[in-house]
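Please look through the sequence and the model shown here before reading on. The report after them is meant to be read alongside the structure.

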Amino acid sequence: MVGNRKTQTRRQQRVGESVRAEISRLLNTVASDKQLAWVTITDVVMSPDLRHARVFFVSTKGGDPSILHDNLKRSASFLQREMGQSLELRFTPVLAFQFDESLDRGYKIDELISQTSSETAMKSKKETPEESLARFVTQSDKILLCAHANPDGDAIGSLLGLGRIFHLLGKEPVLYCPDGIPGTLLFLPGSKNVVSELNVDDEFDLTVLLDTADESLLPRGFPSPQKRGTLAVIDHHMTHGEMGDIVIRREVSAVGELLFHLTKELVWPIDGEAAQCFYTSIVSDTGSFRYTSTTPATHHTAAELITIGADPWKSATALYESYPARRQHLLAAVAGTLRLSDDGRYAYLYCTPKMLEQTGAAKADLDGMINLGRSVGGVEISAMFRLEPEGHIKVSFRSKGQVDVADLAAQFGGGGHRNASGATLHEVSMEEAMNVVRDAARDFLDRSSAFDSNDSN
Ligand SMILES: [Mn+2]
């Protein structure tokens, strides 16, 4: 189950080393059995899945190895529990102890004893995820930065901004985005350095995943646990998956805002290029400071980023004033399809392959047009129906305020977030799909306003 020392990957070695350091610290400081302070851990060999650790020990004060072995075995569950809290590992490994008889390990003992005392001093207080990240960044040579699939302005702004900061730290991370960078974001500094493919045999010490912790939003080709090294997730979504060895999650407007604060806390360097990226993240994820996620701190952060060198007009022109003419023609066609439900609370639009063909526009040009419906006064839910060349119909929903369209999408087998969701409908015509969803949305809004009036006080 536990691999041998020679075939350990860098990740196994690194995790083994932190397990070794932590067990040494625990034995010296908190273990109630004082005899255990006589034990020196010489090596830790991890299984490939990192769930099992073979822990080699020697006795430095002449204690009987078999007694020490029994004592260690009795302490195993205590050590595992403590390690689970202090090490940022996804799984706390199951420990198996083995007396170290090998001579080649012997030479390390003096070195290990002196190391242990300094580690004990350094790690006497629990490391925060932020401190773990800083440590892993320092220790890692090969770093991978990734944003989620179908990246938006926050994903790309975070990717490029953090990439720039790591560069200023003297690291050369790989920036990976297999879906490519949306045209409106190509103005961001560093966008040319992003790669859309990884080499099959690339192995990383540290992978940082930005703006998601959801398995279903991982970019295509995201490296396996064997290849990605320690996985750090930096995210601001309060509904999320459980990924990540190190998780930094804060409820702020954008990951760009989070990363700027993190940069200040960790005293990482920053410059105007990184500031432009983070500023763009924030503008993009707050809908230009309009959404409810916008707080005083968001504006303070933006002000600081402008002071450092971000140019607001540069972001605004790129995001909102650089459309190709074909997009505006498509906008005219789509706007012409706008309909409302009788009560005026639900708006819907559609787009067909023919409309794309006639205007020469691409699917990506539709981005944001769903807001044509939502921005009508009195509308609480807007839907966009898109007929796919394969014949099925994709519907996206956007809502205002507290209306949770993830629930509405779930009625059609889809999902998403409170204010943005979607589903796919099969074997219906566009007209049928629009009627069925309109009726469901109307019922849904009636039900949710019934809840609202019960809640209000
Ligand atoms: Mn975001």
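This is a predicted model: local features need pLDDT of at least 70, side-chain atom pairs count only at pLDDT 80 or more; totals for chains, interfaces and linings use all residues.

Residues are numbered from 1 along each chain as its sequence is written.

**The whole protein**

The protein has 16 helices and 14 strands. Helices (H or I, at least four residues) and strands (E, at least two) are DSSP runs, numbered from the N terminus. A box of roughly 85 × 50 × 45 Å, taken along the principal axes, holds the C-alpha atoms. Of the 457 residues, 39% are buried. A residue is buried if 20 or more other C-beta atoms lie within 10 Å of its own, exposed if 12 or fewer, and partly exposed in between, with C-beta atoms placed from the backbone.

**The sheet**

An open sheet of 3 strands has the order β1-β2-β3, with mixed pairing. β1 (39–46) and β3 (94–99) are at the edges with a single partner strand each, so one side of each has no neighbour in the sheet. From one strand to the next, the twist averages 30 degrees. Two strands pair if DSSP finds at least two bridges between them. Strands of a sheet pair through backbone hydrogen bonds, either parallel or antiparallel. The table lists the pairings.

| Strands | Sense | Bridges |
|---|---|---|
| β1 and β2 | antiparallel | 7 bridges |
| β2 and β3 | parallel | 6 bridges |

V55 in β2 is the bridge partner of V44, and V55 also stands opposite F97 in β3. The hairpin of β1 and β2 has 5 residues between the strands, and L50 there takes a positive phi near 65 degrees.

**The helices on the sheet**

Helix α1 (residues 10–29) lies across β1 and β2 and runs at about 155 degrees to β1. Helix α2 (residues 65–86) packs on the sheet, where α2 touches β1, β2 and β3, and its direction makes about 165 degrees with that of β3. Axes are lines fitted to C-alpha atoms, for helices over the stretch in contact, and angles run from 0 to 180 degrees between N-to-C directions.

**A loop residue**

G63 sits in the loop between β2 and α2. G63 counts as partly exposed because it has 16 C-beta neighbours inside 10 Å. Leaving aside neighbours within four places in sequence, G63 is in contact (C-beta atoms, placed from the backbone, within 7 Å) with Q35, W38 and L68.

Notes. Two residues are in contact if their C-beta atoms, placed from the backbone, lie within 7 Å.
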